[in-house]
Amino acid sequence: MSKIHVTTTINGDEVEYLCDPRETMLDVLRDRLGLTGAKEGCGTGDCGACSVTLDGRLVCSCLMLGAEADGHEITTIEGMATGEELHPLQQKFIEYAALQCGICTPGILVATKALLEKNPDPTETEVRYWLAGNLCRCTGYDKIIRAVMDTAADMREAS
Amino acid sequence: MQYHTPTSFDDAIAIAAQADGVTRFLAGGTDVLVQMRADILTPDTLINVKGIDGVKDITRTPEGGWQIGIAVSGAEMTEHPELGRDWPGVVEATDLIGSTQVQGRCTMVGNLCNASPAADAVPAMVAAGITVTVSGPDGTREVAVEDIPTGPGKTSLASGEMITRITLPPRGENGGDAYLRFIPRTEMDIAVVGCGINLRVDGDTITEARVALGAVAPTVRLVAEAAEAIIGTTLDDAALAALAEAASAACSPIDDKRGTIKFRTHVAGVLAQRAARIAYARATGQKDS
């Protein structure tokens with residue numbers, strides 16, 4: 001079976017790869033490009049652990065083919081920090097201990113960053129609904145929600 | 001699996017018409033990729049339609065309705081400044097599909113062609129009187145949404161045919177639509193029952209209505225008797241009771257882990273009443289109740 005040649009932008013860098021047409025974006029990120037931040041939880045779009053953005057819009061990378069990235073822009077958790085400097089959300093998740101096992105964390109950070117870019121002043125209800133597709137089996141969500149609300153407040157103050 | 005990225009509907013149809021085996025069109029992919037992953041179905045030919053001109057556009061028709069491209073996502077519909085003012089029920093129903101992540105990709109046509117009896121967008125589309133343009137090697141036809149699904153996972157599209165356009169009728173004066181579903185949680189679930197209602201009033205009296213039910217039969221069902229129960233009324237208690245009775249009478253659901261036959265039949269009546277109240281409030285210009 002012939003492979004597909006894809007040219008795309010990932011976290012601001014131009015990237016080229018060959019992939020099988022059946023491979024998901026998540027497979028490509030993890031297995032071809034070594035970007036293992038996005039996790040495979042369910043593989044069927046229910047858990048959100050593989051969340052990335054496609055042209056700025058939050059999507060599950062398991063529900064997207066690697067071939068579909070051609071000519072588009074992807075951002076992943078690997079693009080969130082600037083060098084050693086963590087994004088305010090990452091910093092706050094550590095302060096609040098808003099994670100335990102960490103499997104859901106990259107997806108939740110990517111998802112909440114997308115939320116705060118769209119809505120810098122969300123209500124708690126809006127945060128909870130936005131994250132309805134990001135499952136966490138450790139934290140009970142409460143610390144995650146508080147970390148997001150507090151980061152949003154900090155970022156509004158700083159801007 | 002052959003993967004194609006045509007740039008015109010003509011090319012897409014030509015590829016589909018010549019393909020052997022199982023062909024699928026890829027727009028949002030939120031059903032196709034799940035089926036591939038679960039080994040339910042891997043298409044022999046996959047045709048990504050997102051490179052076709054205009055498939056991401058939402059435009060006004062000359063008549064005052066709307067044309068929605070086949071690859072417009074649920075999130076793009078929700079974010080549109082005017083669409084939801086005309087057809088709040090259609091937009092809200094589509095917005096109920098999946099999570100934020102799924103909303104970034106899922107489409108109305110995908111929801112329709114996946115042909116699940118529990119598809120959330122479809123009862124609202126049927127109630128609104130939406131039509132789709134079906135194009136294939138033998139030409140083009142305009143089809144009412146209710147005539148697309150023929151059973152669970154099955155549609156009336158012939159091999160090589162695809163939906164190329166969605167047309168929403170003009171909203172017109174004094175109209176309102178609504179969609180409600182029952183799920184046992186608040187988000188991220190599949191409808192146990194869904195109900196879409198679209199109506200028009202003259203003063204306080206309902207002059208036109210369409211009532212559609214989801215998840216209570218092998219396909220989404222347009223229920224003429226339920227519409228007749230409220231046409232000519234002011235949606236008083238007697239009309240609401242007749243509406244519920246007609247809606248429940250139209251149900252032939254299955255028993256499964258998400259709901260029993262008895263429960264679904266009852267809830268169909270309850271949801272019809274609630275959706276009718278919202279549509280009526282919208283049509284008469286009251287604030288949503």
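# Notes on the predicted two-chain model

1. Let's start with a loop residue. Leu35(A) sits in the loop that links α1 (25-32) to β3 of chain A. Keep in mind throughout that this is a predicted model. Is Leu35(A) buried or exposed? It has 21 other C-beta atoms within 10 Å, and a residue counts as buried at 20 or more, so Leu35(A) is buried. Setting aside neighbours within four places in sequence, Leu35(A) is in contact with Leu29(A), Arg30(A), Thr76(A) and Glu78(A). Look at Ile77(A) too: 42 residues separate Ile77(A) from Leu35(A) along the chain, yet their C-alpha atoms are 8.8 Å apart.

2. β1 (residues 4-10) and β2 (residues 13-19) of chain A run antiparallel and are joined by seven bridges. Ile10(A) faces Asp13(A) of β2(A) across the pair. The two strands make a hairpin with two residues between them, and in that turn Asn11(A) has a positive phi of about 50 degrees. β1(A) has another partner as well: strand β5 (residues 73-75) of chain A, paired in the parallel sense over two bridges. Here Thr9(A) is opposite Glu73(A) of β5(A).

3. On to the domains. Chain A splits into domain 1 (4-79) and domain 2 (88-158), and their C-alpha centres are 22 Å apart. How many residues does each domain give to the contact? Domain 1 of chain A gives 13 and domain 2 of chain A gives eleven. On the domain 1 side, the largest share is three residues from strand β3 (residues 51-54) of chain A. By class, that side of domain 1 of chain A has seven nonpolar residues, five polar and one charged.

4. Helix α3 (residues 105-118) of chain A is worth a look. The helix has 14 residues and runs 20 Å from its first C-alpha to its last, close to the 20 Å expected at 1.5 Å a residue. Eleven of those 14 residues are buried, so α3(A) is largely enclosed by the rest of the structure. The buried residues include Ile108(A), Leu109(A) and Val110(A), and also Lys113(A). What does the covering? The elements include β3, β4, α2 (88-95), α4 and α5 (142-158) of chain A, and α6 (100-103) of chain B is among them too.

5. That brings in the other chain. The contact between the chains takes 22 residues from chain A and 22 residues from chain B. On the chain A side, the elements giving two or more residues are β4 (57-60) and α4 (124-130) of chain A. Of these, β4(A) supplies the largest share, four residues.

6. In chain B, check the hairpin. Strand β6 (residues 131-136) of chain B and β7(B) run antiparallel, with six bridges joining them, and two residues connect the strands in the hairpin. Val134(B) has Arg141(B) of β7(B) as its bridge partner. How many of the six residues of β7(B) are buried? The count is zero, and strand β7 (residues 139-144) of chain B is hardly covered.

7. The buried residues of α10(B) are Leu240(B), Leu243(B), Ala244(B), Ala246(B) and Ala247(B). They cover an arc of only 165 degrees around the axis, which puts them on the same side of α10(B). As background, an α-helix has 3.6 residues a turn, so residues three or four places apart point the same way. On the other side of α10(B), Asp237(B) and Ala238(B) are exposed. The cover over the buried residues of α10(B) includes β13 (205-214), α9 (224-230) and α11 (261-283) of chain B.

8. Last, one of those covering helices. The 23 residues of α11(B) should span 33 Å at 1.5 Å a residue, and its end C-alpha atoms are 32 Å apart, which agrees. After α11(B) comes Gly285(B), whose phi is positive, near 80 degrees.

How values were computed:
Residues are numbered from 1 along each chain as its sequence is written. Chains are lettered from A and ligands numbered from 1 in the order in which they are written. This is a predicted model: local features need pLDDT of at least 70, side-chain atom pairs count only at pLDDT 80 or more; totals for chains, interfaces and linings use all residues. Domain bounds come from an automatic or database domain assignment. Two residues are in contact if their C-beta atoms, placed from the backbone, lie within 7 Å. Ala, Val, Leu, Ile, Met, Phe, Trp, Tyr, Cys and Pro count as nonpolar, Asp, Glu, Lys and Arg as charged, and the others, Gly among them, as polar. A residue is buried if 20 or more other C-beta atoms lie within 10 Å of its own, exposed if 12 or fewer, and partly exposed in between; C-beta atoms are placed from the backbone. Two strands pair if DSSP finds at least two bridges between them. The arc is that of the directions from the helix axis to the C-beta atoms. The expected span of a helix is 1.5 Å times one less than its number of residues.
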